[in-house]
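User: I'm new to this one. Could you walk me through how to read it?

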Amino acid sequence: MSATPTLTERAGALFHRYANPGRFLRLGVKLQPWLTWPALILSVTGLVWGLFFSPADWQQGDSVRIMYVHVPCAWLASSGYFALAVCSVLSLVWRHPLADLAAVEIGPVGACVTATCLATGSLWGKPMWGTWWVWDARLTSVLVLFFLYLGHIALIRGFDDPQRGYRAAAILALAGAVDLPIIKFSVQWWNTLHQPDSITLRGAPTMSHAMLWPLLVCTLGFTLGFAAIVVARLRAGVMESRIRSLLSSPRRNGEADTSGAVGEYAA
Amino acid sequence: MKRKTRRLWLVITCVAALGTAAGLTLSAFSSNIQLFMTPSQLNAKPPPADRTVRLGGMVVAGSVKRDRKGDTPINRFDVTDGQSAVTVSFEGILPDLFREGQSVVAVGSMAPGGGFMASEVLAKHDETYMPKEVAEALQKSGKWDPKFGPPPNAASWNAMTQKQASASVQGK
């Protein structure tokens with residue numbers, strides 16, 4: 001081992017600060033209310049604003065209000081998968097135990113928002129486009145993302161030895177990350193029925209501010225909600241794995257004693 | 001610790017290789033991923049009449065003719081991409097968003113006598129969202145006619161409130 005730490009080593013040290021489950025649990029307890037309450041307040045505010053007080057679209061009418069659920073879910077479907085990919089790198093390269101547990105917990109939440117995105121999109125497509133579904137590049141790539149989530153959920157839980165499951169699922173998540181730029185740029189690279197992005201980094205948003213603000217509030221609220229659910233699930237997961245290791249540790253002499261005791265008792 | 005660096009490079013290499021492979025595959029199949037053909041493509045290389053294709057473009061202003069055969073509405077309209085146009089005929093109910101100047105995707109095949117016979121027409125809406133008042137104000141001011149395509153630069157209208165828009169409509 002060299003005397004001066006390499007970049008990978010230093011990065012590893014930084015990531016491993018929070019690999020200690022006790023440290024994570026203490027941080028999680030403090031963090032949880034700061035995620036949950038703003039998430040609830042912002043989501044409710046954004047939804048009430050969007051669904052009841054924002055203007056209807058000049059040609060879509062009130063159907064445009066589906067956007068206030070559809071767009072945040074679409075954003076979270078991709079960002080959630082990005083988080084999964086980051087966890088996978090941490091898991092594969094640095095063998096970070098918390099990243100494995102986080103990947104277990106992000107999967108189902110991400111699958112749920114992706115399903116909501118697809119369902120609301122379908123409900124929106126029928127009255128506006130005239131079809132529930134079309135095999136264009138945007139819709140298909142998001143459907144692929146949904147199946148990637150399902151595959152990840154199944155794979156990470158599919159082995160008796162959890163470490164093997166973590167590894168296989170991390171490889172799947174990283175390979176699937178190729179789908180993220182395809183989703184993002186599908187509406188630019190190919191012609192699709194789905195319209196291009198309204199909110200871009202360059203150029204003014206092609207959306208009236210009266211609709212943009214409630215949409216941004218909804219998106220922020222949903223994002224914090226996603227984080228709150230993942231942190232809550234992760235805390236439960238860390239506690240569960242602690243209990244498991246406690247029960248199966250060699251220090252569990254109690255079992256031998258108990259069985260012995262039971263044996264003695266029986267005798 | 002050296003192992004970690006090696007694993008990092010392995011992951012980076014694998015992701016880069018996979019990304020390149022995916023990129024090459026997608027660009028090779030690019031024409032198959034397109035949802036629809038444009039009128040120029042259709043006119044340049046008309047597909048055989050028995051092949052179902054999708055045609056996409058903007059409905060030409062003033063080209064829509066609506067008729068009835070019993071209870072079924074019969075529609076004829078031109079679809080253009082700015083360079084070329086194709087006449088589409090469609091028996092059935094058009095989607096609510098269908099109008100002159102709107103983008104549509106028509107599913108069907110080339111008719112033997114020329115033109116395009118659609119079995120399904122889908123409306124494609126663009127990325128602009130605005131309240132009715134703002135749309136009216138833009139049209140009143142002469143900056144935009146929805147029949148001829150998308151609205152002007154978003155920065156010129158997206159901050160306009162409904163009150164301002166209604167006031168400017170009444171002022172004129």
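**Starting from one residue**

Analyst: Let's begin with A:Phe226, which is buried because 25 other C-beta atoms lie within 10 Å. The cut-offs go like this: a residue is buried if 20 or more other C-beta atoms lie within 10 Å of its own, exposed if 12 or fewer, and partly exposed in between, with C-beta atoms placed from the backbone. Bear in mind that this is a predicted model, where local features need pLDDT of at least 70, side-chain atom pairs count only at pLDDT 80 or more, and totals for chains, interfaces and linings use all residues. Residues are numbered from 1 along each chain as its sequence is written, while chains are lettered from A and ligands numbered from 1 in the order in which they are written.

User: Which residues does A:Phe226 touch, not counting residues up to four places away in sequence?

Analyst: Two residues are in contact if their C-beta atoms, placed from the backbone, lie within 7 Å. With those sequence neighbours left out, A:Phe226 touches A:Leu76, A:Gly80, A:Val109 and A:Val113. Then there's A:Thr36: it sits 190 residues from A:Phe226 in sequence, yet 9.3 Å away in space, C-alpha to C-alpha.

User: Where in chain A is the place of A:Phe226?

Analyst: Helices (H or I, at least four residues) and strands (E, at least two) are DSSP runs, numbered from the N terminus. A:Phe226 belongs to helix 8 of chain A. Overall, chain A has nine helices and zero strands.

User: What share of chain A is buried?

Analyst: Of its 267 residues, 40% count as buried. The C-alpha atoms of chain A fill a box of roughly 80 × 45 × 35 Å along the principal axes. Now take contacts in chain A between residues at least 6 apart in sequence: 76% of these join residues at least 24 apart.

User: Which residues does the UniProt annotation "transmembrane region" cover in chain A?

Analyst: UniProt positions are given in the numbering used here, feature names are shortened, and annotations may be inferred rather than shown by experiment. The unreviewed entry lists several spans, including 106-125 and 168-190 of chain A. In the model, residues 106-125 are 100% helix, with end C-alpha atoms 28 Å apart. Residues 168-190 are 87% helix, and their end C-alpha atoms lie 32 Å apart.

User: How many residues does the contact take from chain A and chain B?

Analyst: It takes 43 from chain A and 40 from chain B. Helix 3 of chain A gives the largest share of the side of chain A that touches chain B, four residues.
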